Amino acid sequence: MTTDRGPEALEDLLDLLDLERVEQDIFRGRSRSAIIPRVFGGQVAAQALVAAGRTVPADRAAHSLHSYFLRTGDPDAPIVYTVDRIRDGRSFTTRRVVAVQHGRPIFHLSASFQAYEEGMEHQSAMPAAPDPETLPTAAELLPRYADVFAGPDIVDRLLEARAAVDLRYVHEPPFATAGTPREPRSQVWFRAAGKLTDDPLLHVCLATYVSDMTLLDSVLLAHGRGGWTVGDVVGASLDHAMWFHRPFRADEWLLYDQESPSSSGGRGLGQARIWTQDGRLAISVIQEGVVRVPR
């Protein structure tokens, strides 16, 4: 890819998140082309959160989500999201969303929303990281590793799949050091590839979308595996949880600091924190995924 598709790709992604309302609590979404022939997990999680958020009063912000990936999604079929209004309390609102394709659930999400209130404040210190503007863009970085990828078109597929987001690795990604185990920790900076509206739900959903892109990289690093792009690992997300601590904008730089405390039984655990550039802890994330060595 020789041209910058960022703004156009971002518009495509925003259109993807603009679900069709079929009934009061039923929504329909579609999929975009994925790197691999299944629905990208971050997409279905973000769309499910959109569906939940559209049934919640505007003054209540998402503060957590817990989800399970149940089946592989078909990128050529629509996804129907059914929202259950579990609770509408004085401070908190709870929603459950089931995503269905071909008559079977493929994803389940529970999300909680809270009306703003004052409270005690503390947070951990932001880890050190270089200025994102000093790091190579995906278009600059990925072609350097074209010879290690499992196919000649992987660079273009990665660039296309991530075009809506400016994502920059702080350290070398797993595919760059395959064969050499490293500390199970990685960092990336990311932001939307264009300006977003001020709708807080949109920024939360964009962060949810991106959060599934690199979270299990730290699992691969611990074992010197390059990932699916190299062909030495197969896997998929199993569950995904996020807590939204403070307001943020997904069109401004966010630091995604990720690590893996454990892998066993064909599964790997990734945990992370997402920080604003000025040092505010915005989001905590935990995900477990299947991580298997091909036989």
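The model is a predicted one.

The pockets come first. Rolling a probe the size of a water molecule over the atoms shows where empty space is left. In this model the largest pocket holds about 1200 Å³ of space. Its lining is made up of 35 residues, and those nearest the centre are Ala61, Phe244, His245, Arg246 and Pro247. Four elements each contribute at least two residues to this lining: strand S3 (60-69), strand S6 (104-115), helix H5 (200-211) and strand S9 (234-244). By residue class, the lining of the largest pocket consists of 17 nonpolar, eight polar and 10 charged residues.

The second largest pocket has a volume of about 1000 Å³. It is lined by 43 residues, and Ile36, Arg38, Asp212, Trp228 and Gly235 lie nearest its centre. Two or more residues of this lining come from each of helix H2 (41-53), S6, helix H4 (154-161), helix H6 (217-222), S9 and strand S12 (281-292). Of these elements, S9 gives the most to the lining of the second largest pocket, namely four residues. Here the division by class is 26 nonpolar, 11 polar and six charged residues.

A pair of aromatic rings is described by the distance of the centres and the angle of the planes. Across the whole structure, six aromatic pairs are found. One of them joins Phe69 and Phe107 in a tilted arrangement, with 5.0 Å from centre to centre and 55° between the planes. Because Phe69 belongs to strand S3 and Phe107 to strand S6, this pair ties together parts that are 38 residues apart in sequence. Both Phe69 and Phe107 are buried.

Another pair is formed by Tyr145 and Phe175. Their ring centres are 5.6 Å apart and their planes stand at 65°, so the pair is edge-to-face. This pair, too, links distant parts of the chain, 30 residues apart: Tyr145 is in the loop between helix H3 (138-141) and H4, and Phe175 is in the loop between strand S7 (165-169) and strand S8 (185-192). Tyr145 has a relative accessible area of 14% and is therefore buried, the limit being under 20%. Phe175 also counts as buried, because its relative accessibility is 7%.

In soluble globular proteins, nonpolar side chains tend to be buried together. The largest nonpolar core in this model has 70 residues, and the members with the most contacts inside it are Val44, Tyr81, Phe107, Leu206, Phe248 and Ile283. A second, separate core of seven residues includes Leu135, Trp189, Trp253 and Leu255.

Leu255, a member of that second core, is situated in strand S10 (residues 254-264). Its relative accessibility is 0%, so Leu255 counts as buried. Not counting residues up to four places away in sequence, Leu255 touches Met126, Pro127, Ala129, Val170, Gln187, Val188, Trp189, Arg273, Ile274 and Trp275. Leu255 and Leu281 are 26 residues apart in sequence, and their C-alpha atoms are 9.6 Å apart in space.

Two loop residues complete the account. Thr180 is placed in the loop between S7 and S8. At 46% relative accessibility, Thr180 counts as partly exposed. The C-alpha atoms of Thr180 and His223 are separated by 7.4 Å, although these residues are 43 residues apart along the chain. Apart from neighbours within four places in sequence, Thr180 is in contact with Leu221 and Gly224.

The other residue is His102, in the loop between strand S5 (92-101) and S6. Most residues other than glycine have a negative phi. His102 is not a glycine, yet its phi is positive, at about 50°. With a relative accessible area of 63%, His102 is exposed.

Terms used: Residues are numbered from 1 along each chain as its sequence is written. This is a predicted model: local features need pLDDT of at least 70, side-chain atom pairs count only at pLDDT 80 or more; totals for chains, interfaces and linings use all residues. Side-chain values use heavy atoms; hydrogens and water are left out. On a 1 Å grid over the protein atoms alone, a cavity is a set of points where a 1.4 Å probe fits but cannot get out, and a pocket is an open set with protein on both sides within 12 Å along at least five of seven lines; lining residues have an atom within 4 Å of a point. Grid points are joined across faces, edges and corners, and a volume is the space filled by probe spheres set on the points. Ala, Val, Leu, Ile, Met, Phe, Trp, Tyr, Cys and Pro count as nonpolar, Asp, Glu, Lys and Arg as charged, and the others, Gly among them, as polar. Rings of Phe, Tyr and Trp (its six-membered ring) pair if their centres lie within 6.5 Å; planes under 30 degrees apart count as stacked, over 60 as edge-to-face and the rest as tilted. Buried means under 20% relative accessible area, exposed over 50%, partly exposed in between (1.4 Å probe, protein chains only). A nonpolar core is a set of buried Ala, Val, Leu, Ile, Met, Phe, Trp, Tyr and Cys residues joined through side-chain atoms within 4.5 Å. Contact means heavy atoms within 4.5 Å.
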